[in-house]
Amino acid sequence: MTNHEELDDKLKQYRSGNLEISSLSSWVKDNSNIISTLLSRTAFLKLKQRNPTKALIERLGSGCNCNDIFKEGHFDSRSDYDQCESKINNAKSLGILSNIQEPSWVNSPKGEIGAAGFYCCQSCGGLWKILLPERASSGSWSRIA
Ligand SMILES: [Zn+2]
């Protein structure tokens with residue numbers, strides 16, 4: 001396995017719940033000379049500090065059409081949310097996305113309100129989250145891994 005492949009393999013194991021964050025971060029620390037060359041500085045530092053989201057997206061998050069389902073970020077309006085929901089339903093009916101439970105390792109940002117739904121891309125294994133609009137929050141669509 002090349003260094004790239006080994007890093008991607010570890011991140012995939014973590015994403016699927018088969019590797020604890022403590023094992024992942026200690027592996028990263030043990031191999032930091034190599035790993036630091038494979039990631040942006042921010043992604044590398046966050047990964048060492050047990051926050052792998054940026055590394056996951058950087059290494060595993062590109063080149064798949066799940067990125068085109070809906071633009072990422074906060075919804076501008078209720079109709080933006082409705083559109084996103086219908087795109088998700090469409091992607092589900094085509095077998096592109098499937099519903100999953102909230103992954104155990106997800107840390108929702110402090111102060112985040114509203115119900116959320118989680119999806120897995122059947123093609124790349126990427127994980128997506130929709131935050132439903134609620135009072136002050138407009139909701140959002142984002143890749144979490
Ligand atoms: Zn995908």
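L7, D8, L11, K12 and R15 in helix 1 meet A55, L56, R59 and L60 in helix 5, a contact being a pair of residues whose C-beta atoms, placed from the backbone, lie within 7 Å. The residues of this contact divide into five nonpolar, no polar and four charged, where Ala, Val, Leu, Ile, Met, Phe, Trp, Tyr, Cys and Pro count as nonpolar, Asp, Glu, Lys and Arg as charged, and the others, Gly among them, as polar. The model is predicted, and local features need pLDDT of at least 70, side-chain atom pairs count only at pLDDT 80 or more, and totals for chains, interfaces and linings use all residues. Residues are numbered from 1 along each chain as its sequence is written.

L39 is found in the loop between helix 3 (32-38) and helix 4 (41-48), helices being DSSP runs (H or I) of at least four residues, numbered from the N terminus. Leaving aside neighbours within four places in sequence, L39 is in contact with F44, L47, A55 and E58; the C-alpha atoms of L39 and E58, 19 residues apart along the chain, are separated by 7.4 Å.

The domain assignment, which is automatic or from a database, gives domain 1 (3-60) and domain 2 (65-143). Their C-alpha centres lie 24 Å apart, and six residues of domain 1 are in contact with eight residues of domain 2. On the side of domain 1 that touches domain 2, helix 1 and helix 5 each supply at least two residues, and the residues of that side divide into three nonpolar, one polar and two charged.

Terms used: Contact = placed C-beta atoms within 7 Å.
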